[in-house]
Amino acid sequence: METKINSNELEQMRSQYDTLKRKLDSQKIVDDQIIRSAMKQKMSWIHRYVWLQLVVLFPLVCLLWLALVPSFHLSWAFYVFMVLTMGVSSVFDYLINKMSDSDWKHENLVETGKKLARMNRLRIKEIWTSTLMILVFVTWFFMEIWDMSEDRGEVAVVATGAAIGAIVGLIIGYRLFSKMQRTNREIIRQIKEITTETDQETNV
């Protein structure tokens, strides 16, 4: 009789343990989904900015300079150079920062972390290239103004304005670059924490 009671108690305990384990596993899955959703959300501002740059800012700048070309008697070669460099930069921004829904699946997190680290490295190369292109752009613009205008005072004012604009653009670009890099580093850290915990639980 006592053996039967003990057997029933053990069965009840086993059932309770299984129920508790299912609840904990379910909670862990929910928590994991929330964390991955939060990481994806944290990257969303970068995607919005890249699309804004590609679809709105790039066409607006092209239209603005299209109006300035005849006003400042600039060459069309200069305009084409500006459009091409901005267009290529915008497309590369999109390609570098492109992410897909599959990148945030649990089984892909390790690869996602590597992808984010590679993204950081490519952004560093891109910002140096963009800085070089801006210097070429400002130098060419100054040469165009110098050749087309006989009023050296006007040349100095326009060149100073262009230099200030370039500096402001570089500062804004660097701040955006730093924020993007910081966002990636935070997500990489979270991925490492999640994958490390998973490996420890698997080993146990």
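View A. Of the contacts (heavy atoms within 4.5 Å) between residues at least 6 apart in sequence, 77% join residues at least 24 apart. The model is predicted: local features require pLDDT of at least 70 and side-chain atom pairs pLDDT 80 or more, whereas totals for chains, interfaces and linings use all residues. Residues are numbered from 1 along each chain as its sequence is written, and side-chain values use heavy atoms, with hydrogens and water left out. Buried residues (under 20% relative accessible area, with over 50% counted as exposed and values in between as partly exposed; 1.4 Å probe, protein chains only) make up 27% of the 204 residues. The exposed surface comes to about 14,000 Å², of which carbon and sulfur atoms supply 64% (Shrake-Rupley method, 1.4 Å probe; for residues, only the protein chains shown count as cover).

**View B. Aromatic cluster around W65.** Ring pairs connect W65, F78, F81, F137, W140 and F141 into a cluster. Aromatic pairs number 10 in total, by a rule that takes rings of Phe, Tyr and Trp (its six-membered ring) with centres within 6.5 Å, planes under 30 degrees apart being stacked, over 60 edge-to-face and the rest tilted. W65 and F78 have ring centres 5.8 Å apart and planes at 65 degrees, so they form an edge-to-face pair. Because W65 belongs to helix α1 and F78 to helix α2 (residues 76-97), this pair ties together parts 13 residues apart in sequence. W65 is buried at 16% relative accessible area, and F78 is buried at 1%. The rings of W65 and F137 are likewise edge-to-face, since their centres lie 5.3 Å apart and their planes meet at 85 degrees. This second pair links distant parts of the chain, with W65 in helix α1 and F137 in helix α3 (residues 109-148), 72 residues apart.

View C. The whole structure holds three salt bridges, each a side-chain nitrogen of Lys or Arg within 4 Å of a carboxyl oxygen of Asp or Glu. K42 and E186 form one of them, with the closest N and O atoms 3.7 Å apart. K42 lies in helix α1 and E186 in helix α4 (residues 152-203), 144 residues apart. Both partners are partly exposed, K42 at 28% and E186 at 31% relative accessibility.

**View D. Salt bridges within single helices.** In helix α3, K114 and E111 are three residues apart, about one turn of the helix; their closest N and O atoms are separated by 3.7 Å. E111 is partly exposed, at 48%. E193 and R189 form a salt bridge at 3.1 Å, N to O. Because E193 and R189 are four residues apart in helix α4, about one helical turn separates them. E193 is partly exposed at 42%, as is R189 at 43%.

**View E. Nonpolar surface patch.** W51, L52, V55, V56, L57, L60, L63, L66 and W76 form a nonpolar patch with about 860 Å² of accessible area together. Patch residues have over 30% relative accessible area and no salt bridge; nonpolar side chains (Val, Leu, Ile, Met, Phe, Trp, Tyr) are joined within 5 Å and like charges within 9 Å. Helix α1 (residues 2-71) gives the most to this patch, with eight residues.

Methods. Helix = DSSP H or I, 4+ residues; strand = E, 2+ residues; numbered from the N terminus.
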